[in-house]
Structures are given as structure tokens and as C-alpha cells.
Amino acid sequence: MSASAERSWTVRLRRRAVAALPPEKLLPDGQPTYVASWIYVFGVLSLASLASIILSGTILALKGPTWWHVSSIGHFFNSIHLWSVELFFFFMVIHLWGKYWMAAWRGGRKRVWITGAVTFLVAVPCALTGYVSQQNFDAQWISTQAKDAFNAVGLGGFFNLMNFGQMYSYHILLLPLAVVGLVIAHVLLVRKHGVVPPLELEQKLEAASRGTDPHRSS
Amino acid sequence: MSRAQRIRDDEAARTWTGGYRPYDLVKEASIAFGVVLALAVGLTILFSSPDERSSTIKSWSRTAPVDFVTTAVSELDGSSGLAGYGPPYNHASEGQHIAFIHLAKWFGVNIAIDAARDLVLAPLRSIYGQPALQTAITRYQAASAKQQAAWTTAYTDALNKATVGAGGSVSVPAGDYGPVSTMMASLLSFAQSGGLDGALLTNKQFYATDYTKALLFMADGGVLTNRAQAEDLLGGQWGMMNETGSYPGQVWLWLYTFWYQIKPFSTSANGDILVMAVMAALSLGLVLVPFLPGVRSLPRRIPIYRLIWREHYRSLESVDAVSAAEHPMPPPAAHLSG
């Protein structure tokens, strides 16, 4: 490798990326044998729901915010969008609980947990801005009720739920960007560290901490 | 669990050295997307989605003209919820606080709204070709605060005996209301024609997307609350997480809504900031679960993991059984001595 290539930022970035996530880790064709439970399905179902949200939301965005009020096709895609959001939260909550009971932050995976938890927390205002951007009675009621919480902590002047233009921008661009960015980071971290292995059984753990093995003691 | 055991637990999970089985990531993701899409389409066909028409000031002033005028007078005389709200709309109060933490006051007034000027006087001033109305407004503004209060108080009292005439006009018993009755009659007529909806759009330009003033005005009246009550959407009805119709709404806000149902949050004047503080602490706790003693150890103590990885443990047991048969353990010392 030439000296100029050694100094290249691009080469250095590529090396670091490939070292952290070689192709076989990024897109693996094998899974540890312990990954054999229905609970593992909810992570990918959350991702699939997010894809469905983005797809239906993109179709709604193509026609503008009032389309779904005046078109049955628009209403259909709005309904797809709504139910995808409901499914996204449903799957994500089960996924979070599942990962909690697996203590999935073990083995250097704390950042995996943190990005997942933050994704959930950012998804909440992402959905809220959608509810207040609906341009119907729900939007009127939710915005006038929820404003008090934001005003009480001093955020209402900067994040005004009754400003449709601002909320629409947050809903279709800023917060989805944050959610998608966090999800990408979360998935890449999972691919880097792998799926957390099972907790060792108590007896093995205790035996190991004593330096013995229940079946191999001398 | 001891610290040493936890560290060992952590280290043991760093790298998996056991077996692997074939797995098609792309296929699984594609199937999952198909399943979710099918579910979403199925739910759409079965339940659609709610879309209750929004309320307008025009519809409110036509269907409940007395409530509209009562609200308008409260905006004019400074007795409305908005007029006394405080930050971020005005300096009428300091806003909510916890102990010495006054976040609302510290962040200040960023969406300045003078209820009397912005919701009543300015829209009335914008009505073209009514010299008598402009004279009435000038008279009202030139009067002393005490005189203004006397007029608005008398008019508000009279509204309790108001009658609604043909065409939605409001009539009150004769009294000394000064220019207020003229102003309110004009404002009502302006609202019923739809003019006030447009006049309250905040921006002074052709294109506008900020409905803050119109929504705050409507929120001070009964138009939104009455509809919300009929739909079980009030705060005491867990309404914050619900939406119109029989739809799940924002069920993920259940914990946030829960606090509003119990004391001290439900009765405190600082209920909103208290709830936000509790939720901020809980949210931080969720993010920091891996670092929280006790919380991070719970999965080990409540062995749901045995259920999740039951096949893995079963396979280990069979391996251990074979291993034990090949390398039998010596009997415990206690048995030998006995």
C-alpha cells in the first residue's frame, strides 16, 4: 500500500468499517444455536413495521397532508400508516421486555440496549407529532391537551403542538430521521456484537466462581 | 448475585464459542415485512382509521353562540384561561414549577399572545366598512380599566340570561354594557361568517400553518371539551392516550396518562411538571437499565430466561448427562466419612 493510501481518510474509514463489521458479520448466514425462541421474532417484526410506516407515510407525503381526508385511497393508506404504528409499538415493547429478561446488555452490549431504549423514547414524540398533524378533531384535542406538559417544562415555546407546519416537519422529517438513524445504529451494534448468549445456569455460575465444575470436580 | 458472578456473567456473554445453525437473514426480514403488511392491511379493512371533522370557530359560533360570546368576553377582560396562563404566551403568571425549578419562567414568553388584543380587538379592527364598530372599539380602548371591567362584568352576567335569536344572534337584557355589546355582536357575526377563523391565523402573510391562536381561543370555550367528553377523551377519562372512536390510540402513553389519575398529580396546580419529571426519571432509568443495581440483576433472579432459552438448556443437560456418564463424580466427602 502506498504512503498516500495510508494517509487517506477514506482508506482508514473503510478499514475500520470492515474490521468492525466484515461482510459475514453484517449479513450472516448462520445463527448461534441458542437463537431458537419466538421472542427473537419481535425485533425483526419491529423493523418490518417501521418499513411499513415509512412506505405508507411516503405515499401519504407524496399527495400532501389533506389528501387522506378527501380520498378513499388516501384514507386507506392513512389506515395502513396508523395500524403500522400500532404494530410497531406493540412489537417494540415485546422486543424490549424480551431483551430485558435476557439481560441483553451483557458482554459489551450496553450500547445495544441504550440505542434500543432511546429509539423507543424518540418514537413516542414521533407518533405524537403525527397525531397532532392529522388536521381533524383528534389533532385539535390532543394538541390543546398535550401543550400543557410541554409548556410546564419550558419546551412549549420551541415545540408548539398547535403549530401544524412545525409539527408536520417534525413528523415527516426530523423525528423519523432520528428514529431511523437510531435503528440503524442499533442493528449495526447487534451485528457487531452478535445476539447475546444465554445466561449461565446458577449452579454452573457458582461452580465456575469456585473454580470447579459440578461434573468435573477432582 | 455477587459482583464477581456478575462480571463473569458479563464476560461469558462476550463471545459465543458454541455451535451455529444455518440462517437466512434476508429471507426472514422479507417474510416479516410480508406478515406486517398483511396484518396492517387486514386491520385497515376491518377497522379503517378515525377522522372526525375538526371544529371551527365558524361552526362553534353558529351552534353555541352564547358560549362563543362568553369566551370572547373572557378573552377581552382577561379572565380566560389563556389570559392568565403565563409562559410561553404571556407574563400573567410564572407557570408551573417544582420547588425552586421554574422551567416555564426561565424559558420565558416565546409565543407572545395578548388575549384581548390578538383574539378580540385586532380581528374586530380588521372588519372593513363598519364605522360604528370602529368607534365602539376606540371608545372601549379609551376607557379606564375600571370602566372596561364594569362593562365586561355586566355583560358577562347578562349572558347568563341571554337568548339566541333567529340567525344565531345573541340578545341580552338591557343594561350598561358600553361598547361591549356592539363589539360582541360584530365579533359573533364575523365568526359566524367564517372570518374569525382566518383572522386568527398567526402569520401576517398569505400562507399560514400556525393555528395556535385559534386553538387556544377554542380551548377556552366549551366547543372542544364538550366533544371530547362525549368521546371519553377528557384527562380524567385517560383521554390523553385515546383517540375518537374505538381505536387503540397512543397506548404507549399509558404510564404517562396513569399519573394524571392519581394524587398528588391529579390535584396539584403543578401536576404537568410533576408528571413530566416522573416520566423523565423513568425514561432515564429505562435507558440506564444496564447500570442500575437491582434492576439489572432482576432477569437473573426471575428466571424467565430459562423459558426463553429452554431448548439451549435442554441440550446442555443432555450433553452434561453424557459427560457425567463418561466421567463419574466421586462421592461427596460427607458420604465417605459416614
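**Ground rules**

I took residue numbers as running from 1 along each chain as its sequence is written, with chains lettered from A and ligands numbered from 1 in the order in which they are written. Since the model is predicted, local features need pLDDT of at least 70 and side-chain atom pairs count only at pLDDT 80 or more, while totals for chains, interfaces and linings use all residues.

**Entry 1: the contact between the chains**

I looked up how many residues each chain puts into the contact, where two residues are in contact if their C-beta atoms, placed from the backbone, lie within 7 Å. Chain B supplies 87 residues and chain A supplies 85 residues. On the side of chain B that touches chain A, the most comes from helix 2 (residues 25-47) of chain B, with twelve residues. I use helix for a DSSP run of H or I of at least four residues and strand for a run of E of at least two, numbered from the N terminus. Sorted by class, that side of chain B holds 49 nonpolar, 20 polar and 18 charged residues. Here Ala, Val, Leu, Ile, Met, Phe, Trp, Tyr, Cys and Pro count as nonpolar, Asp, Glu, Lys and Arg as charged, and the others, Gly among them, as polar.

I then checked strand pairing, which requires that DSSP finds at least two bridges between two strands. Strand 1 (residues 30-32) of chain A pairs with strand 1 (residues 20-22) of chain B in the antiparallel sense, over three bridges. A:Gly30 has B:Pro22 as its bridge partner in strand 1 of chain B.

**Entry 2: the nonpolar core**

I took a nonpolar core as a set of buried Ala, Val, Leu, Ile, Met, Phe, Trp, Tyr and Cys residues joined through C-beta atoms within 7 Å. A residue is buried if 20 or more other C-beta atoms lie within 10 Å of its own, exposed if 12 or fewer, and partly exposed in between, with C-beta atoms placed from the backbone. The largest such core has 118 residues, and those with the most contacts inside it include A:Phe88 and B:Leu187. Helix 6 (residues 72-101) of chain A gives this core its largest share, eleven residues.

I followed B:Leu187 and found that it touches B:Ala72, B:Val120, B:Pro123 and B:Leu124, leaving out residues up to four places away in sequence. In helix 6 (residues 115-125) of chain B, the buried residues include B:Val120, B:Pro123 and B:Leu124. Among the elements that cover the buried residues of helix 6 of chain B are helix 4, helix 7 (131-142) and helix 9 (180-192) of chain B.

B:Tyr211 sits in the loop between helix 10 and helix 11 of chain B. B:Tyr211 counts as buried because it has 24 C-beta neighbours inside 10 Å. I listed its contacts beyond four places in sequence as A:Met162, A:Phe164 and B:Leu201.

A:Pro198 lies in the loop between helix 9 (164-193) and helix 10 (202-209) of chain A. A:Pro198 has 23 C-beta neighbours inside 10 Å and so counts as buried. A:Pro198 touches A:Tyr34, B:Tyr305, B:Trp309 and B:His312, again not counting residues up to four places away in sequence. A:Pro198 and A:Ala103 are 95 residues apart in sequence and 9.0 Å apart in space, C-alpha to C-alpha.

**Entry 3: backbone geometry**

I noted a cis peptide bond between B:Pro87 and B:Pro88, with omega about 10°. B:Pro88 belongs to the loop between helix 4 (65-77) and helix 5 (103-107) of chain B. Another cis peptide bond joins B:Lys263 and B:Pro264, with omega about 5°.

A:Gln135 is not a glycine, yet its phi is positive, about 60°. A:Gln135 counts as partly exposed because it has 18 C-beta neighbours inside 10 Å. B:Ser48, also not a glycine, has a positive phi of about 55°.

I checked helix 4 (residues 41-63) of chain A for length: at 1.5 Å a residue its 23 residues should span 33 Å, and its end C-alpha atoms are 34 Å apart, which agrees. The expected span is 1.5 Å times one less than the number of residues.

**Entry 4: domains of chain B**

Domain bounds here come from an automatic or database domain assignment. For chain B the assignment gives domain 1 (57-224) and domain 2 (295-328). Their centres, taken over C-alpha atoms, are 70 Å apart.
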